[in-house]
Structures are given as structure tokens and as C-alpha cells.
Amino acid sequence: MKFFSYSTFLVLGLLFGPYVSAHGSQKEKLQGMIDATLDVIYSETHASLSANEKQSKVREKLESSYDLDVMIRYAIGKNWRRMNKVEQLEVLELVKKLVLKAYVTGLEGKDRPSITLAELTEIGKARIEIESTMVLDAKTYYILYRLRQMDSGWQIYDIVAENVSVSSNYRGQIDDHFRKGSAADLIARLKGLLVKDDINEDTKI
Amino acid sequence: MKTQKFKGPLAWASLIGVLTVTTLTAQVRDLTGDEEFYTSPVDESTNVYDPFESVNRFTFVFNDFVFSNTVQPLVDAYTAIAPDPVEEGASNFFHNLRYPVRLASNLLQFRFKGAWVETGRFAINSTVGIVGILTPADDYEGFAPIKSEDVGQVFGAWGIGEGPYLVLPFLGPSNLRDLAGFFGDRAVNPLKGPFSVIDDWKWEWQLALSGTENIARSPQIIKRYKQLKGSSIDPYSSLRNSYSQYRRGAVAE
């Protein structure tokens with residue numbers, strides 16, 4: 001009986017312990033990453049940094065927790081095979097810069113948002129979703145983080161803001177691009193976006 | 001002796017533990033590897049029926065031109081002149097005026113709780129909130145803001161399909177169902193035609209009201225549009241995808 005109790009608890013502990021804590025710790029890890037990136041944008045110690053320096057710092061914080069390549073590769077989808085190795089690396093780097101630029105400039109001039117993580121839901125054998133609410137400029141937005149267990153550990157593969165999936169949006173754009181364009185055109189377009197700041201520039205469609 | 005007795009069960013338990021953890025780890029991982037995952041379909045479908053793409057793209061460029069050269073300078077002037085509380089108050093005022101649309105849309109979907117919340121908010125904001133300029137209802141329990149409903153969503157909830165994607169001149173992204181919903185919104189709005197409750201509602205006044213409403217709503221829309229355009233490989237495709245995902249989500253909620 002003693003053996004039964006002891007081994008049962010040990011087995012249950014071994015069985016569910018790492019599983020529960022692995023999922024639970026994902027929430028803490030995500031919250032830590034969000035706080036760290038917001039600190040870069042809003043804390044007094046980083047106030048003197050230029051926009052580019054802030055983007056680099058944010059990238060540093062992000063990459064210390066997650067592999068950004070995962071989300072970008074997922075957004076590129078099967079189009080990845082349409083590029084050679086050099087182009088693949090260049091596209092990864094340019095999209096990374098574009099996403100960081102959009103993130104940092106999108107929060108510029110606004111009060112620090114408050115982000116609260118809520119429910120964690122298992123949506124597949126190796127996938128979880130973490131719900132969150134973001135209060136920005138007195139408005140509440142619902143954001144969902146999707147994570148998958150990859151060879152490199154749990155990674156964010158999609159962010160869904162107000163029902164709009166970022167990965168789906170970029171997948172659609174890149175699919176559309178490769179119907180007529182090439183990898184070289186894509187690289188040129190991404191480079192153009194990184195130097196562009198104004199809405200008044202011509203819309204290339 | 002005691003130690004020996006203990007060692008046996010511990011060894012077994014450890015073995016079972018290791019085996020179960022190994023099995024669990026194998027179960028937890030998807031059957032597909034990373035490479036297959038990258039090429040798997042995205043969770044939200046990107047498929048949008050767009051048979052008029054060439055016309056839509058042309059209208060998109062036209063709208064972009066109008067937006068950049070007419071609407072944006074007006075909105076820039078408005079945001080420069082009007083302090084933030086005035087901008088917010090104007091936006092609140094016009095949102096409050098659209099209460100009949102939200103009420104009808106909730107009722108048509110049998111969302112009685114939504115209709116109740118909208119009615120309570122309208123009553124509180126129109127009185128305590130000085131004709132809807134302020135939103136004191138936010139602080140009343142049970143009357144926190146809820147997601148806005150419109151007639152296009154009603155049609156979606158009734159099972160009517162989206163139809164083809166459309167880009168409407170001056171109005172922007174839509175689809176056949178939402179275009180019908182747009183006319184439905186006007187029909188249930190007592191301040192707008194064709195069933196306006198105001199008898200001598202001259203077109204000049206209607207135009208002034210609509211124009212002011214659009215300018216009051218534009219700063220937020222322009223910010224989002226600029227952000228979308230600044231980070232899009234193909235702004236037309238990005239807007240079509242965002243609009244469709246957003247509307248599908250709104251209907252599903």
C-alpha cells in the first residue's frame with residue numbers, strides 16, 4: 001500500500017509536474033518578455049535612445065526569449081522554397097526589422113499600454129494560446145499569443161490582435177506577391193518599406 | 001535492510017516515471033516536424049473571394065489618393081486645432097448617435113443583453129454624459145462598453161455569405177453582404193435617410209452631419225491605415241485580409 005501511494009505520487013508528479021509547469025511557465029516567460037520590451041520603449045533610462053537604437057534593444061529583449069524566425073517562417077509558408085539561401089536569410093532579416101519598426105513606431109507618443117495575460121488554452125498536442133487584454137489610450141484590445149513547441153522550445157508563431165492574425169495577414173500578402181513577383185522584388189519592396197515613413201508616398205500595388 | 005526495501009520501489013517508480021515522461025514528451029510534440037509546420041495552412045483562412053480584384057485595386061489607389069490628399073490634410077488640421085478631449089468628445093458624441101443601429105442589430109440577433117447594455121449606456125451617456133460627449137456609463141457596473149454590432153453582422157449571423165470582396169469609392173473595404181448592411185444601417189438610423197424622423201432634413205444638413213462625423217472618426221482610422229500601409233508588402237492584400245478576418249471574427253463572436 002505504502003509502495004502504491006509512494007510510486008503513484010511519484011509517477012503522477014513526474015507525469016504531470018513538468019507538463020503543468022511547462023505550460024504555466026510559458027505565461028510567465030511571455031509576460032516577462034512583454035514587460036522587458038515595454039521597459040525599453042518607456043523607461044527613463046532608455047529615453048535618450050534613438051528610434052533605431054530602441055528597435056535594436058527591443059530585438060535583443062525579444063530574441064533572448066523567443067526565436068523571431070519561427071513566426072516569419074510560418075508567415076512565409078511554402079514560398080520559402082521559392083527563394084535561394086541568400087535570399088531566405090535576407091528576407092528573414094528585413095521582415096524582422098520591419099516588424100520591430102512597426103512595433104516601436106506604433107507605440108510612439110502613446111502612454112505605456114497595460115497588458116494583462118489571461119487564460120492559457122491548449123489547442124493541439126504541441127500548441128497553446130495565451131489570451132491577453134491590452135489597454136492603450138483608454139481603449140481595450142484583445143490579443144492572443146499562439147505558441148508551438150518547436151525543436152528550439154516553445155516559440156510564438158502567431159499573434160492575433162482583435163481577430164486579425166498577423167501570420168495570416170503576411171501569408172496572404174506574400175502568397176499574392178509570389179503570384180507575380182520574385183524574391184528579388186520582395187527584397188526590394190521590404191528595403192523600400194524600411195526607409196519609408198510617410199503616407200504621401202505613392203502606393204505601389 | 002530498510003534501505004534495501006526502499007531502493008526496490010524507488011527504482012521501479014523512477015523507471016515508470018522516466019517511461020511516462022518520455023511517452024508524454026512524445027505525445028506532446030506534433031506528429032509533424034518544424035519544416036512541415038511552416039508550410040501548414042494558417043489557422044485563420046486567408047481565402048477571400050475577390051473576382052473584381054483589378055477594379056478593386058484601381059479603387060484602392062483612388063481612395064488612397066483621396067485619403068492622402070483630401071482627408072488627411074483635413075484631419076491634420078482638425079487634430080492640430082482640436083485638443084485631445086475635444087477630439088474624444090466628438091468621437092463619443094457620434095458613437096452615441098449610432099445607438100439605434102447597435103440596438104436594432106442586437107435585437108435582430110436576439111442579443112437581449114447587448115440591447116440592454118447599449119440602451120443603458122445611451123441613457124446614461126446622453127444625460128449624465130451631456131448628449132454623449134462624455135462616457136460616464138463606463139463606470140457603472142454592468143454597462144461597460146461592449147463590441148458594436150451592425151446590420152452587416154446581423155446578416156452574417158443569419159448565415160448569409162460574404163459575397164465578393166469590394167472596395168467602395170470613398171468608403172473603403174467591404175463585401176456584398178456588408179454593402180447591404182451599410183444600407184441597412186441607414187435604414188434603422190432615424191437621423192439618416194430613407195426613414196429619417198426629421199421632416200425638414202435638408203441635404204445640406206445631412207451632408208454637414210456626415211462630413212463632421214467622418215472627420216471626427218478619421219484620426220483613429222488614419223493612424224491605423226498609415227500603420228498598415230507602412231508595414232505592408234502589398235497594402236491592398238493586407239487590407240483585404242485584415243478586413244475579412246476582422247469581419248469574420250465579429251460575426252463569429
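In the predicted model, strand 4 of chain A, which spans residues 153-161, is joined to strand 5 of chain A by two bridges, and the two strands run antiparallel. Within this pairing, A:Val160 lies opposite A:Ser165 of strand 5 of chain A. The pair belongs to an open sheet of five strands in chain A, arranged in the order 1-2-3-4-5 with antiparallel pairing. Strand 1 (114-124) and strand 5 (164-165) of chain A form the edges of this sheet, each of them pairing on one side only.

Further into the sheet, strand 3 of chain A pairs with strand 4 of chain A in the antiparallel sense through eight bridges, and A:Leu147 has A:Ile156 in strand 4 of chain A as its bridge partner.

The average pLDDT of chain A is 84, and 84% of its residues score at least 70. Over residues 198-205 of chain A, however, pLDDT stays under 50, although the model has 15 contacts beyond four places in sequence for this stretch. Where pLDDT is low, predicted coordinates should not be read in detail.

Chain B contains ten helices and two strands, and its elements follow one another from the N terminus as α-α-α-α-α-α-α-β-β-α-α-α. Of the 253 residues in chain B, 28% are buried. Among the contacts in chain B with a separation of 6 or more, 62% are between residues 24 or more positions apart.

One helix pair within chain B is formed by helix 3 (residues 53-81) and helix 9 (residues 203-230), which pack with their axes 9 Å apart at an angle of about 115°; the crossing of helix 3 and helix 9 of chain B is left-handed. On the side of helix 3 of chain B, the contact involves B:Phe67, B:Val71, B:Gln72, B:Leu74, B:Val75, B:Tyr78 and B:Thr79, and these residues meet B:Ile215, B:Ser218, B:Pro219, B:Ile222 and B:Tyr225 of helix 9 of chain B. By class, this contact between helix 3 and helix 9 of chain B comprises nine nonpolar and three polar residues, with no charged residues.

A helix contact is also found between the chains. A:Ser168, A:Asn169, A:Gly172, A:Gln173 and A:Asp176 of helix 5 of chain A meet B:Ser237, B:Ser238, B:Asn241, B:Ser242 and B:Gln245 of helix 10 of chain B. Classified by residue type, the contact of helix 5 of chain A with helix 10 of chain B has nine polar residues and one charged residue, and no nonpolar ones, whereas the contact of helix 3 with helix 9 in chain B has nine nonpolar residues.

Conventions:
Residues numbered from 1 in each chain as written. Chains lettered and ligands numbered in written order. Predicted model: local features only at pLDDT ≥ 70, side-chain atom pairs only at ≥ 80, totals over all residues. Contact = placed C-beta atoms within 7 Å. Helix = DSSP H or I, 4+ residues; strand = E, 2+ residues; numbered from the N terminus. Nonpolar A, V, L, I, M, F, W, Y, C, P; charged D, E, K, R; others polar. Pairing = 2+ DSSP bridges. Buried ≥ 20, exposed ≤ 12 C-beta atoms within 10 Å, placed from the backbone. pLDDT = per-residue confidence, 0-100. Axes fitted to C-alpha atoms, helices over the stretch in contact; angles between N-to-C directions. Left-handed = near helix turned anticlockwise from the far one by under 90°.
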